[in-house]
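Hi everyone, thanks for coming along.

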Amino acid sequence: MKFKELGWNGFFLEIPEEMRLTTEGGNINSGYLKFEMENFIMEVRWDPFDPKKPKPLAEIADSFIKTAKKTYEKKAKKKIDLKIESVRSTSVSSHNAYFMVLKPETNMEEQVYIWNCDRDKRAILIHFISLLPREESENIIGHILSSLKCHLEGEFISWAALNLRFNTPRSFMLSERRIAVGKTYLTFDEQKFSTFTNRGRRLIIEYFSMANVIFEDTYKDVDSWFQKNYWKDLKKRCKDIALQTTEERKILRHNVVYKHGIKNSGLFTRRTTMCENLTWYCSKSNRIYSLTYMSYIGRPFFLKRKLDEETDKKIMQEFLSSFRCH
Ligand SMILES: [Zn+2]
Ligand SMILES: [Zn+2]
């Protein structure tokens, strides 16, 4: 069986190639992920873990069983006896983990792994549901778990999903998303408040699939595609965006339309926002990509405002050099 890499919200692992991301939510602190393929489901849940008040893993397991039982009873419309086949301790990504096997039906097996990642301060639960033959199921789960990393080194974390790869700073939170046929976007936000100063950054990664069909008239002229199909929508979502200059650049082996701008806004609290947008057509994936980066500083009008240009440059450099669009 072939496996592919998956990076999402600080997790990095390998999953079967045919597995698809079907549900996801939350951010690096607490969230949910679900992958599915025929006869096999994997769910990941994570919540903040407080090392001063750690919740016993057995307690998390108990509440999991209660919820699972309710779900099955609702489906079956009768009381059921959810069998716990075995419980033992194991190790996942160098952490001690609580492991149990549930048998809701004779041909179905559920495996649950629960552990605390003290490195990234998360309590993590992985749940597998399998209708596959035992050996096949064991092989897949074994591969996934041995490849899994729940804490990543460095200032940047790697994302790999939706046939995309890129690195973002750890402090960027996935705040909005839409993952759909035709159009997908991920928005990351970073906010820092201090007395009299509020700084923030935003990164939007967006792509449009089947571009040569849907944008037949403009996909070859990306700047006119941007003006006609994208700019209005982007302005609505990012109220302080301004893009004053346009030039063509060669990035990621593609001809990229690069736009840049600065906007000053506000009366009492003045805000300076720096904006960059990169848009291109990738023929290999037949997608139009549009990446938007914004960095702002807001302060009362009587104080000087200065953007941290060096950090912005570093973030964009790491982001763009890690970006893989096909
Ligand atoms: Zn960990
Ligand atoms: Zn490409």
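Let's begin with strands β5 (residues 40-48) and β9 (residues 122-130), which pair in the antiparallel sense over nine bridges. Strands count as paired if DSSP finds at least two bridges between them. Helices (H or I, at least four residues) and strands (E, at least two) are DSSP runs, numbered from the N terminus. Find Met42 and look across: its bridge partner in β9 is Phe128.

Before we go on, a word on what you are looking at. This is a predicted model, in which local features need pLDDT of at least 70 and side-chain atom pairs count only at pLDDT 80 or more, while totals for chains, interfaces and linings use all residues. Residues are numbered from 1 along each chain as its sequence is written, and chains are lettered from A and ligands numbered from 1 in the order in which they are written.

Back to β5, which also runs antiparallel to strand β4 (residues 31-37), with seven bridges joining the two. Here Leu33 stands opposite Val44. What lies between β4 and β5 in their hairpin? Two residues do, and Asn39 in the turn has a positive phi of about 65°.

Is Pro51 buried or exposed? Pro51 is exposed, because 8 other C-beta atoms lie within 10 Å. The rule is that a residue is buried with 20 or more other C-beta atoms within 10 Å of its own, exposed with 12 or fewer, and partly exposed in between, with C-beta atoms placed from the backbone. Pro51 and Lys121 are 70 residues apart in sequence, yet their C-alpha atoms are 7.5 Å apart in space.

Next comes α1 itself, residues 57-76. The 20 residues of α1 reach 28 Å from first C-alpha to last, close to the 28 Å expected at 1.5 Å a residue; that expected span is 1.5 Å times one less than the number of residues. One of the 20 residues of α1 is buried, so the helix lies largely in the open.

For another helix, turn to α4 (residues 222-237), which has a kink of about 55° centred on Tyr230. The bend at a residue is the angle between axes fitted to the seven residues ending there and the seven starting there. Buried residues in α4 include Trp225 and Tyr230. The buried residues of α4 pack against β16 (254-265), β17 (269-282) and β18 (287-300); contact here means C-beta atoms, placed from the backbone, within 7 Å.

Now, the inside. The largest nonpolar core has 66 residues, and Tyr113, Ile114, Trp115 and Ile288 have the most contacts inside it. β18 gives the most to this core, with six residues. By definition, such a core is a set of buried Ala, Val, Leu, Ile, Met, Phe, Trp, Tyr and Cys residues joined through C-beta atoms within 7 Å.

Finally, the domains: the assignment gives domain 1 (3-147) and domain 2 (156-322), with bounds from an automatic or database domain assignment. Their C-alpha centres lie 34 Å apart. Across the boundary, 10 residues of domain 1 are in contact with seven residues of domain 2. On the domain 1 side, strand β1 (residues 3-8) supplies the largest share, four residues.

Definitions and conventions
Contact = placed C-beta atoms within 7 Å.
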